[in-house]
Amino acid sequence: MASGSTFRPAKTGQHATQQARLQAYRPIVKLLHWLIAFLVLGQFVVALLMPKIGRATVPEPLINLHFSLGVLILVLMAIRALLRVLNPVLLDMPERPVWERWVAIATHRAFYFILLVGPFLGWASASAHKLPVNVFGLFVLPNIAAPKAAWALAAGDIHSLFMWILLALIGLHIAGALYHCLFLHDHILQRMLPVRGK
Ligand code: HEM
Ligand code: HEM
């Protein structure tokens with residue numbers, strides 16, 4: 001029965017691996033989490049301050065900053081996704097209701113999806129608006145859409161929509177982290193902090 005299988009060596013090994021994965025996010029993953037969080041929130045400030053991008057928009061510093069930060073976030077997010085695939089950390093709240101774990105996992109996946117796909121949609125829109133994607137003055141990315149290409153202009157609208165959905169999800173994510181810390185008094189927030197308490 002169940003108790004018998006618990007002591008099978010294979011299960012024990014599997015259990016140990018699972019425990020190890022549950023334990024902690026690696027320091028590099030925590031660093032990337034907070035760096036990306038900081039950059040993404042800054043990016044929203046820049047997006048709100050930059051001029052509306054339309055037919056007659058010309059390159060200007062805030063627009064260049066938006067593109068540069070966006071490319072930086074994309075690169076950091078790609079590294080983070082790779083680290084996650086190589087070393088997955090399981091969600092550690094087994095005592096919480098299924099719906100809550102589902103919401104947490106869906107939110108994390110949506111973050112990866114929006115931050116990995118969304119920047120390409122913005123890049124396509126930039127190309128369609130004939131705006132060069134000049135990354136911190138270091139290099140210019142090639143155009144990925146023809147000027148005024150209808151699909152790329154639509155991609156720009158989807159980019160903006162995705163990013164506002166992202167902002168709402170970030171609000172949910174922060175509310176969840178604070179709820180765990182302030183009301184449930186568990187270790188969920190601690191798990192992501194630079195120094196982990198007992
Ligand atoms: C990954 C981080 C990014 C975030 C959080 C972000 C956020 C946003 C937001 C919120 C808007 C809407 C602004 C408004 O409604 O006034 C916007 C628009 C735009 N973004 Fe981004 N962006 C990101 C990356 C990029 C990248 C990498 C590029 C280009 C290389 C880009 C190009 C654009 C363009 C062209 C628009 C105008 C879209 C249109 O109306 O056609 N963004 N972005
Ligand atoms: C732009 C802002 C943010 C983004 C995009 C973001 C993204 C993510 C993602 C994708 C994960 C899943 C772990 C992983 O796959 O690496 C995660 C975990 C986590 N985040 Fe954030 N985050 C943001 C801001 C915040 C803030 C402000 C807080 C705290 C108030 C926070 C607290 C946490 C915690 C505690 C976890 C660990 C959850 C667990 O696995 O138990 N995040 N975040």
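Author: A crossing is left-handed if the near helix is turned anticlockwise from the far one by less than a right angle. In this predicted model, α5 passes α6 in such a left-handed crossing.

Reader: What makes α5 and α6 roughly antiparallel to each other?

Author: Their axes cross at roughly 150°. Angles over 145 degrees count as roughly antiparallel. α5 and α6 are therefore roughly antiparallel to each other. The two axes come within 8 Å.

Reader: Which classes of residue make the contact of α5 with α6?

Author: The contact has 17 nonpolar and nine polar residues.

Reader: What surrounds ligand 1?

Author: A shell of 25 residues. The closest are Ala-47, Gly-70, Pro-119, Gly-122 and Gly-156.

Reader: How do you know which helix gives the most to the shell around ligand 1?

Author: By its share of residues: α5 gives the most, with seven. α3, α4 (61-86), α5 and α6 each supply at least two. By class, the shell around ligand 1 has 14 nonpolar, nine polar and two charged residues.

Reader: And ligand 2: how many residues surround it?

Author: 20 residues surround ligand 2. Ala-37, Val-40, His-108, Ala-177 and Met-192 are the closest. α3 (27-49), α5 (98-128), α6 (150-184) and α7 (188-192) each supply at least two residues of this shell. The largest share, six residues, comes from α3.

Reader: How does the shell around ligand 2 divide by class?

Author: The shell around ligand 2 has 14 nonpolar, three polar and three charged residues.

How values were computed: Residues are numbered from 1 along each chain as its sequence is written. Chains are lettered from A and ligands numbered from 1 in the order in which they are written. This is a predicted model: local features need pLDDT of at least 70, side-chain atom pairs count only at pLDDT 80 or more; totals for chains, interfaces and linings use all residues. A residue is near a molecule or strand if its C-beta atom, placed from the backbone, lies within 6 Å of it. Helices (H or I, at least four residues) and strands (E, at least two) are DSSP runs, numbered from the N terminus. Ala, Val, Leu, Ile, Met, Phe, Trp, Tyr, Cys and Pro count as nonpolar, Asp, Glu, Lys and Arg as charged, and the others, Gly among them, as polar. Axes are lines fitted to C-alpha atoms, for helices over the stretch in contact, and angles run from 0 to 180 degrees between N-to-C directions. Angles under 35 degrees count as roughly parallel, over 145 as roughly antiparallel, 65 to 115 as roughly perpendicular and the rest as oblique.
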